[in-house]
Amino acid sequence: MKPTNSVFTGLETTVFERMSRLAMEHNAINLGQGFPDVDGPQDVREVAAHTLLEGPNQYPPMLGLPALRQAVADNNKRFWDLDIDWQSEVVITSGATEALADSIFAMVEPGDEVILIEPLYDCYLSLVKRAGATPVFVQVNAPDWELNEEQLRKAFSSQTKAILINNPMNPTAKVFSRQELQLIADLCIEFDCYAICDEVYEHIVFEDQQHTPLMTLPGMRDRCIRIGSAGKTFSLTGWKVGYITAPPNLLEPIAKAHQFVTFTTPPNLQKAVAYGLNKEDAYYAALESDLRSKRDLISKPLAQMGFRVLPCEGTYFVTCDFSATGFRGNDVAFCKKMVEEAGVAAVPISAFYGTEGPQTLVRFCFCKKDEVLQEALRHLQTWMGQFAAV
């Protein structure tokens, strides 16, 4: 028989799903896959439920409900002082992953190069390859994950169509500095290319860090595709509601890709997200504060167990180096052993690389109930104590 698609055939199931299945198999506490264990704001869910019952439940506009597109534009102005025309510069998608697919498929074609910063969210590479482009990798390295100017400049060429940047960054929990963003902007302008900006954790940034959309930098307003996620902002990951902000000349082909991928997104969820985006500043401040406290709850005990806990500036993940524990194996083996023996699931960082990556780093997700995190820590303390004694 003729072969199936060469990109997706034989591709492993995403590491998040694999670790979640392993966690269920061993009845383990799942700190691997990045989803909260409580649902988002009740008032937002009530709007969705009421709209579902009252209707309409037919196809909404392909670009998204006007109320949600306006709310996305208003959010851009409110938080980032971006003047966005909701009618020509916003499209609603069925999650940020669809938004990424739409953007990549609309912008990239065979012969193009796309710069990917490693470690990277796992769908990036497959989508770029499916579009027929050549991925060009630039690594940022632990513990500070700083972007190296010389390495980044070498990655750009006359064939560069776009750079894909995840800021705040999963899995590193890095927030790109203004200097790093300026470097990216300067190179995009010099090489006349675009930036696809995955900014789903835009409202989860800690301490004195500040999220700066690349689109706000001089010369980047017309070169950036900015992607957001209601799933991350409202702890409603199962809703799969994303949104794209882009200049009209870029949004037009993106919308064409969107119409043949999902066409539209459930109208009741769109209406509820529109309501949510208009929440007062106190909601966004509480989101950051709550997740910061959970980060702190888990970080100190992990360090006391022997993990080297790396800086966490945003997102809801903390990365740890287990090399000092004496474990003689790579991150995949460590995570497997931890699920089976400690009853706690995490994700190996090597899964976030298209090239050879570090082998002693694991990612814990802390957007869980405090009691769940505390129980996971007790499991790990017992297990690590036995392991250290060997």
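In which sense, left-handed or right-handed, does H2 pass H11 in their crossing? Let's start there, everyone. H2 passes H11 in a right-handed crossing; a crossing is right-handed if the near helix is turned clockwise from the far one by less than a right angle, and left-handed if anticlockwise.

Before going on, a word on what we are looking at. This is a predicted model, in which local features need pLDDT of at least 70 and side-chain atom pairs count only at pLDDT 80 or more, while totals for chains, interfaces and linings use all residues. Residues are numbered from 1 along each chain as its sequence is written, and side-chain values use heavy atoms, with hydrogens and water left out. Helices (H or I, at least four residues) and strands (E, at least two) are DSSP runs, numbered from the N terminus.

Back to our pair. Helix H2 covers residues 42-54 and helix H11 residues 267-277; they pack at an angle of about 150°, with axes 8 Å apart. Axes are lines fitted to C-alpha atoms, for helices over the stretch in contact, and angles run from 0 to 180 degrees between N-to-C directions. Contact means heavy atoms within 4.5 Å. On the H2 side, the contact includes Val 44, Val 47 and Leu 52, and on the H11 side it includes Leu 269, Ala 272 and Tyr 275. By class, this contact has 7 nonpolar, 3 polar and 2 charged residues. Here Ala, Val, Leu, Ile, Met, Phe, Trp, Tyr, Cys and Pro count as nonpolar, Asp, Glu, Lys and Arg as charged, and the others, Gly among them, as polar.

Next, the sheet. Four strands form an open sheet in the order S9-S10-S13-S12, with antiparallel pairing. Two strands pair if DSSP finds at least two bridges between them. The edge strands, each pairing on one side only, are S9 (308-309) and S12 (347-348). S12 and S13 (residues 361-365) pair over 2 bridges, and Val 347 stands opposite Arg 363 in S13. Helix H12 (residues 281-304) packs on the sheet, touching S9, S10 and S13, and its direction makes about 5° with that of S10. Helix H13 (residues 331-342) also packs on the sheet, where it touches S12 and S13, at about 45° to the direction of S13.

On a 1 Å grid over the protein atoms alone, a cavity is a set of points where a 1.4 Å probe fits but cannot get out; a pocket is an open set with protein on both sides within 12 Å along at least five of seven lines, and lining residues have an atom within 4 Å of a point. Grid points are joined across faces, edges and corners, and a volume is the space filled by probe spheres set on the points.

The largest pocket has a volume of about 1100 Å³. Of its 42 lining residues, Thr 14, Phe 16, Tyr 121, Asp 122 and Cys 123 are the closest to the centre. Helix H6 gives the largest share of that lining, 5 residues.

How many cavities of 30 Å³ or more are there? The count comes to 2. The largest has a volume of about 90 Å³, and its lining includes Trp 80, His 203 and Arg 226. H3 supplies the largest share of that lining, 4 residues. The second largest cavity holds about 50 Å³, and its lining has 9 nonpolar, 1 polar and no charged residues.
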